[in-house]
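Reader: I am new to structures. Please show me how to look at one, feature by feature.

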Amino acid sequence: MELNLKGKKALVTGSSSGIGEGIAKCLAREGVHVMVQGRKKQELQRVVHEITANGGVAHFIEGDLTRDEDVQRIAERTLQAFQRLDILVNNAGAFPKRGWLQGSPQDWLDLFNVNVVAMVRMIQLFLPQMKIHGWGRIIQIASVAGISPSPSLPEYGATKAANINMTISLAKDLAGSGITVNTVSPGPIATAGTRALFEEMAVEKNWGKEWKEIEKKVTQEMLPNLVGRFGTPEEVGNLVAFLASPIADFITGANYRIDGGRQA
Ligand SMILES: NC(=O)c1ccc[n+]([C@@H]2O[C@H](COP(=O)([O-])OP(=O)(O)OC[C@H]3O[C@@H](n4cnc5c(N)ncnc54)[C@H](OP(=O)(O)O)[C@@H]3O)[C@@H](O)[C@H]2O)c1
């Protein structure tokens, strides 16, 4: 299938690792010029290097998305490099494990700043120029926790529910504009961070040492899904590339689960 993405310009927040890195690489493989973003310069340089070594076009910009001034600088630098932005992927996020009685009100506010308000900052800065061009894609990376929250990460689930909700509001606001807004909600994805979390848990639970063994145990005993494994950043990237493409013009305000059928 030809996605007709060649030459489009995209920014993927939180693409110095994990799912964001997978999305940036998939878009670049389709000929999209990608701005890679995060806080760790070395990781950003690595991702850009890997994309360009593969024949893609990528730049990077560092910055903390919880700070207005950083986000302003990220927007200016992106528009300077690309002249326009066609695709905004709001992926950056954090998932601290705190129970109901451990997370303070300030912890809740801080997580909402990273997982929700950072997306709003990006949307407010890039939307005006998308409106001028009459075409655009805004994609929020939420989580299945936004629909089916876990008792041990209450504020995380609440931020992800907010992501799904804000997508629908924005899609309605942009009716007839040529700009679509969608959510992608992954289930467990085998990023370095997720693997480290479960590898630590595996020691206590006697789940073994090899990732394949641990993944099997987690999908059998803790997070079952119909496919029987974790997803990969590339699989999320493929879905995002489709939604970002002109052939997905008729899809807006939607929430796509990519979770191996966990919520089915
Ligand atoms: N992994 C999963 O199983 C899973 C499942 C469902 C949903 N998700 C969602 O997918 C998204 C990515 O998760 P991931 O697992 O790929 O996580 P990850 O590997 O930890 O990557 C998180 C990314 O976000 C960036 N980031 C975090 N806070 C930031 C801030 N304040 N300012 C700028 N950048 C910031 C990080 O940049 P630096 O490291 O450079 O600071 C990094 O690039 C998140 O929204 C998460 O909720 C993940």
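Author: We go from the whole chain to its parts, then to single residues. Keep in mind that this is a predicted model.

Reader: Start with the whole. How many helices and strands are in the chain?

Author: The chain holds 8 helices and 7 strands. Its radius of gyration is 18 Å, close to the 18 Å that the globule rule gives for 264 residues, so the chain is as compact as a globular protein of that length. Along the principal axes, the C-alpha trace spans about 55 × 40 × 35 Å.

Reader: What do the contacts say about the fold?

Author: Look at how far apart in sequence the partners are. Take the contacts between residues at least 6 apart in sequence. Of these, 71% join residues at least 24 apart.

Reader: What share of the residues count as buried?

Author: The share is 43% of the 264 residues. In soluble globular proteins, nonpolar side chains tend to be buried together. Here the largest nonpolar core has 53 residues. Those with the most contacts inside this core are A10, A24, L27, V34, V36 and V240. Helix α4, residues 105-133, gives the most to the core, with 7 residues.

Reader: Now the domains. How is the chain divided?

Author: The domain assignment gives domain 1 (9-189 + 232-258) and domain 2 (190-230). Their C-alpha centres lie 26 Å apart. The contact between them takes 8 residues from domain 1 and 8 residues from domain 2. On the side of domain 1 that touches domain 2, there are 4 nonpolar, 4 polar and no charged residues.

Reader: Which residues are closest to the ligand?

Author: The closest are G14, G18, G38, R39 and G93. In total, 28 residues surround the ligand. Next, ask which elements supply them. Two give two or more residues to this shell: α1 (18-29) and α6 (192-205). Helix α1 gives the most, with 3 residues.

Reader: Which classes make up that shell, and which domains?

Author: By class, the shell has 10 nonpolar, 14 polar and 4 charged residues. It draws at least three residues from each of domain 1 and domain 2.

Reader: What should I look for in the backbone angles?

Author: Look at phi. Most residues other than glycine have a negative phi. Q83 is not a glycine, yet has a positive phi of about 70 degrees. N206 is another such case, with a positive phi of about 60 degrees.

Reader: Where are Q83 and N206 placed?

Author: Q83 is in the loop between α3 (68-82) and β4 (87-90). N206 is in the loop between α6 and α7 (211-221).

Reader: Is each one buried or exposed?

Author: Count the other C-beta atoms within 10 Å; 12 or fewer means exposed. Q83 has 9, so Q83 is exposed. N206 has 7, so N206 is exposed too.

Reader: How far apart are A158 and N206?

Author: They are 48 residues apart in sequence. In space, A158 and N206 are 31 Å apart, C-alpha to C-alpha.

Technical notes:
Residues numbered from 1 in each chain as written. Predicted model: local features only at pLDDT ≥ 70, side-chain atom pairs only at ≥ 80, totals over all residues. Core = buried A, V, L, I, M, F, W, Y, C linked by C-beta atoms within 7 Å. Buried ≥ 20, exposed ≤ 12 C-beta atoms within 10 Å, placed from the backbone. Helix = DSSP H or I, 4+ residues; strand = E, 2+ residues; numbered from the N terminus. Near = placed C-beta within 6 Å. Nonpolar A, V, L, I, M, F, W, Y, C, P; charged D, E, K, R; others polar. Domains from an automatic or database assignment. Contact = placed C-beta atoms within 7 Å. Rg over C-alpha atoms; globule rule 2.2 N^0.38 Å.
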